[in-house]
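Subject: Structure handover and findings

Hi,

Here is the structure for you to look over. Please open it first, then read the notes below.

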Amino acid sequence: MPTSNRKPPRKTARKSRPAPKRSTKPALKAPPPVAPKKPVTLKTPDAAVSKQDRVLDMLRAPSGTTIATIMKATEWQQHSVRGFFAGVVRKKLKLNLISDKVGGERRYRIGKPAGSR
C-alpha cells in the first residue's frame, strides 16, 4: 500500500463571512436644494489691515516710501522687504515697482502698469 506524502488541509480559525445582503428598497431621495448663501465679504470695517496691505498702500503714495520706513512699519528685516518686493509685488501681483534715488536715499513706489500710458 503506497503512502501519500500529502498533508491534510489545515483548519484555520478565520471563517469567511458571506457578503451583506443588499436592500431591494429604492434609495432615499436627495434632499431638496439649499438656497445659496450670501457671499462673504473679505474686508469688513472691523477687520485688521494686514502688513501686506499697509506696505502696498505706502508704495502707492505718489512720493513712494523707503525700505527703512517699511521696516519700521512692519517689523521686517531689510532682506524680507526686498524679498517682498521681488516675490509679491513684482511676481505675484505683477505690479510695476519703480525705484528712484531722491536726496541720497532710494524710494520705491508702484507706477502705472507697463501697458498703459
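Contact here means heavy atoms within 4.5 Å. By that rule, and not counting residues up to four places away in sequence, G64 touches M58, R107, Y108 and R109.

Some ground rules. This is a predicted model, in which local features need pLDDT of at least 70 and side-chain atom pairs count only at pLDDT 80 or more, while totals for chains, interfaces and linings use all residues. Residues are numbered from 1 along each chain as its sequence is written, and side-chain values use heavy atoms, with hydrogens and water left out.

**Overall layout**

The chain has three helices and two strands. Helices (H or I, at least four residues) and strands (E, at least two) are DSSP runs, numbered from the N terminus. Along the sequence the order is α-α-α-β-β.

Buried residues make up 16% of the 117 residues. Buried means under 20% relative accessible area, exposed means over 50%, and partly exposed is in between (1.4 Å probe, protein chains only). The accessible surface of the chain is about 11300 Å². Carbon and sulfur atoms hold 56% of that surface. Areas come from the Shrake-Rupley method with a 1.4 Å probe; for residues, only the protein chains shown count as cover.

Now contacts along the chain. Take those with a separation of 6 or more: 40% of them join residues 24 or more positions apart.

**Helix packing**

Start with α1 (residues 51–60) and α3 (residues 78–92). Their axes come within 12 Å and cross at roughly 90°. That makes α1 roughly perpendicular to α3. Axes are lines fitted to C-alpha atoms, for helices over the stretch in contact, and angles run from 0 to 180 degrees between N-to-C directions. Angles under 35 degrees count as roughly parallel, over 145 as roughly antiparallel, 65 to 115 as roughly perpendicular, and the rest as oblique.

From α1, the contact uses Q52, V55, L56 and L59. From α3, it uses F84, F85, V88 and V89. By class, this contact has seven nonpolar residues, one polar and no charged ones. For the classes, Ala, Val, Leu, Ile, Met, Phe, Trp, Tyr, Cys and Pro count as nonpolar; Asp, Glu, Lys and Arg count as charged; the others, Gly among them, count as polar.

Next, α2 and α3. They pack at an angle of about 105°, with axes 9 Å apart. So α2 is also roughly perpendicular to α3. Here I67, I70 and M71 of α2 meet Q78, V81, R82 and F85 of α3. The contact divides into five nonpolar residues, one polar and one charged.

**The core**

The largest nonpolar core has 14 residues. Such a core is a set of buried Ala, Val, Leu, Ile, Met, Phe, Trp, Tyr and Cys residues joined through side-chain atoms within 4.5 Å. L59, I70, F84, F85, V89 and L97 have the most contacts inside this core. Two or more residues come from each of α1, α2 (67–74), α3 and β2 (105–110). The largest share is five residues, from α3.

I70 deserves a look. Leaving aside neighbours within four places in sequence, I70 is in contact with V55, M58, L59, T65, E75, W76, V81 and F85.

**The loop between α1 and α2**

G64 lies in this loop. G64 is buried, at 7% relative accessible area. G64 and I98 are 34 residues apart in sequence, but 8.9 Å apart in space, C-alpha to C-alpha.

T65 lies in the loop between α1 and α2 as well. T65 counts as buried, at 4% relative accessibility. Beyond four places in sequence, T65 touches M58, L59, I70, R106, R107 and Y108.

**Exposed positions**

- E75 lies in the loop between α2 and α3 and is exposed, at 73% relative accessible area.
- K94 sits in the loop between α3 and β1 (97–102) and is exposed, at 67%.

Last, K112. K112 is in the segment after β2 and counts as exposed, at 58% relative accessibility. K112 and I98 are 14 residues apart in sequence and 9.4 Å apart in space, C-alpha to C-alpha.

Best wishes
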